[in-house]
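Welcome, and thank you for opening the viewer. Let us walk through this model together, one selection at a time.

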Amino acid sequence: MPVRSPSTYDILRDHGVDRRTFLDYCVKLTACMGLTAAATPTVVKALETKPRIPVLWLHGLECTCCSESFIRSAHPIAQDIILNMVSLDYDETLQAAAGEQCEEIRRKVMKDYKGQYLLAVEGNAPTKDGGMYCTVGGNSFLNILKETAVDAKAIVAWGSCASHGCVQNAKPNPTGAEPVKKIITDKPIVNVPGCPPIADVMTGVLANILTFDRLPELDRVGRPTMFYGQRIHDKCYRRPFFDAGQFVETWDDEGARKGWCLYKMGCRGPSTYNSCATMKWNDGVSFPIGSGHGCIGCSEANFWDNGPLYERLSGIPVPGIDSTPDAVGKTLAVITGVGITAHAAYQTIRTKHGPDPKNS
Amino acid sequence: MPTYALKLTPRGARFGHRPVWEIPVRLTHWVTAFAITALFGTGMFISWPVVSSQGEPFQNFLMGRVREVHFICAYFLLFSFILRGYWFFVGNKYSRSGVPLIWRKDWWRALWHQVLEYVATKRGPVTIGHNSLAGLSYFLFVGGLGFLMIGTGFAMYSETNPGGFWDKLFGWVIPLFGGSYRTRLIHHTAAWGFVIFFLFHMYIILFDSVRWHNGLISSIFSGDKFWEDGDLDSDDWVS
């Protein structure tokens, strides 16, 4: 028999939060989700009436950077999210319980909140050799993921590991690591890529799901458009230098001192969809390009395989050839030229010494 | 057809010249040629801007202008392709000549003869339209490569306006090629295909014109080609 859990407002009241503080919190939350002030009543109503969503947070092949990012969230602070808005019932890293206890909690939530809980997945699952390269509590993560996903309402794939595969999925991918979308195909999945994703993006996605009781609008690869709708390049404060044609050529040149565009240093801003340029990191302090370093494109698929991070467009997509596209192009052009010259020479000699082929 | 200043095909002639390339064919040829040349040059600059402008950014718009030229040429190429694609169906039989209908034996035979002609200087049958080899090369290096460039190019162009017209039309290309970076890489690498094609194209037209004295080069200006008895005309549908 499914259990209905108390709403966020109920919990806050129990914690001694007054109405004024609650409303203040709702206004801030609305702004953080990128909504207009007119949506505030919707948020208030949602937090007052909607039961908290139980969340099972699984950790597969990963480095925990998503969790590290999440607990450093500034608005709304992770504490609020974890304690108030969602009911984070299972998270290997954050929970106090250990061993068989936690697996029991997971199974209990799966039973009690069948079809209601949200499954958050950090990391991905190795699929080779029965998934033996990642085991939790004596079971392979592959099995746990499939088992937990069956009764989930939806899945949130945290970070590039769960969304795209990230480093463990990079060539040659020895453990056969596959992102969540390749393993679970019958559930709605929200991909929140990044290595790690921006903390405020993570909390914003959860807040949005809770408030509107549905998944946010997703783009073609399943990312929430409100945070991944635009490229870093299009919102980068160094964009005027790009358009003007002013580029950093080496890390210590005049352009680097003046803060020119890092395009030629291999910046992946033009091919990366994320909110770094607008929301920034660590409570809005800065982001890589702001610190004078190019974007490495961590929220894009295959970013580990996309050539050296400090080079622009290197490594052509042909297996076994380690070369730049231009080198390959020039080589082919030279080969063609040599072939043409040889043909021309051959034909000239033939025509001079042999019979006219037209009449032969 | 228009009248000619010189009447080079009198009644009962065994050789002469006749209109082959219609105006849209010639027009799209030249628009495509100039557009691709400009696109290659500006594209290489966009990929690696060799010149950096000096002064303050508000005084310069170098990259912006080069990209603008690239995009304008891309539009020319797109509409040139649309017109040529349309003309493939409604033009005369030569506008379809040589297209690789690989299930037809005579297409393969003609291809073999043409290869033989270039390798062994064995004059094969002369086709008034495109021969099989020419048709194959245009199909792959102009049609195929062109559509790849248009697809990836407009997909990247759409990135500045997510959800816009070009995004709806070509946005699906980016996930198909494994992301924005890969799309750039493929667009950039494939551009070299046009260089290879250009070299072959230049050599073949020069070789043909010089070796066989058939005035091939002038046909893309005048639209007329020389013929003599025994030359293969094109099928009504394809040659």
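A salt bridge is a side-chain nitrogen of Lys or Arg within 4 Å of a carboxyl oxygen of Asp or Glu. Keep that in mind for the first stops, and remember throughout that this is a predicted model.

**Stop 1: salt bridges in chain A**

Select Glu68(A) and Arg72(A). These two residues form a salt bridge, and their closest N and O atoms are 2.8 Å apart. Is Arg72(A) buried or exposed? Arg72(A) is exposed, with a relative accessible area of 51%, while Glu68(A) is partly exposed at 39%.

Next, select helix H6 of chain A, residues 100–112. Within this helix you will find Glu103(A) and Arg106(A), which sit 3 residues apart, about one turn of the helix. Their side chains meet in a salt bridge, with 2.9 Å from N to O. Glu103(A) and Arg106(A) are both buried.

Now move to Arg223(A) and Asp219(A). Here too the side chains meet in a salt bridge, at 2.9 Å from N to O. Arg223(A) counts as buried because its relative accessibility is 7%, under the 20% cut-off. Asp219(A) is partly exposed, with a relative accessible area of 23%.

How many salt bridges does a search of the whole structure find? Over all chains, the search finds 19. As a general point, side chains of opposite charge can pair when their charged atoms come close.

**Stop 2: where the chains meet**

Show chains A and B in two colours and turn to the place where they touch. In this contact, 53 residues of chain A meet 54 residues of chain B. The size of an interface is often given as the accessible area lost when the parts come together. Between chain A and chain B, the buried area is about 4400 Å², and carbon and sulfur atoms give 57% of that area.

Select Glu159(B) together with Arg231(A). Their side chains meet across the two chains in a salt bridge, 3.5 Å from N to O. The count between chain A and chain B is 2 salt bridges.

Now select helix H14 (239–244) and helix H17 (325–353) of chain A; each supplies at least two residues of the side of chain A that touches chain B. Which helix gives the most to that side? The answer is H17(A), with 14 residues. Colour the chain A side by residue class and you will have 21 nonpolar, 15 polar and 17 charged residues.

**Stop 3: chain B as a whole**

The secondary structure of chain B comes to 8 helices and 2 strands. Starting at the N terminus, follow the elements in the order β-α-α-α-α-α-α-α-α-β. The C-alpha trace of this chain spans about 70 × 40 × 35 Å along its principal axes. Of the 239 residues in chain B, buried ones make up 50%. Among contacts in chain B between residues at least 6 apart in sequence, 72% join residues at least 24 apart.

**Stop 4: a serine in helix H7**

Still in chain B, select helix H7, residues 180–212, and pick out Ser209(B). Ser209(B) counts as buried because its relative accessibility is 15%, under the 20% cut-off. A polar atom of the Ser209(B) side chain lies 2.9 Å from the backbone oxygen of Ile205(B). The side chain of Ser209(B) also reaches the backbone nitrogen of Ile217(B), at 3.4 Å. If you leave aside neighbours within four places in sequence, Ser209(B) is in contact with Asn214(B), Leu216(B) and Ile217(B).

**Stop 5: confidence**

Finally, colour chain B by pLDDT. The mean for chain B is 87, and 92% of its residues reach 70 or more. Among the elements of chain B, confidence is highest in helix H1 (residues 23–47), at 95, and lowest in strand E1 (residues 15–19), at a mean of 84. Over residues 1–5 of chain B the pLDDT is below 50, and this stretch has 3 contacts in the model beyond near neighbours in sequence. For the complex, the predictor gives an ipTM of 0.87 and a pTM of 0.87.

Technical notes. Residues numbered from 1 in each chain as written. Chains lettered and ligands numbered in written order. Predicted model: local features only at pLDDT ≥ 70, side-chain atom pairs only at ≥ 80, totals over all residues. Heavy atoms only, no water. Helix = DSSP H or I, 4+ residues; strand = E, 2+ residues; numbered from the N terminus. Buried < 20%, exposed > 50% of the residue type's maximum accessible area, 1.4 Å probe, protein only. Polar contact = N/O pair within 3.5 Å; in protein donor to acceptor, adjacent residues only side chain to side chain. Contact = heavy atoms within 4.5 Å. Buried area = accessible area lost by both parts, 1.4 Å probe. Nonpolar A, V, L, I, M, F, W, Y, C, P; charged D, E, K, R; others polar. pLDDT = per-residue confidence, 0-100.
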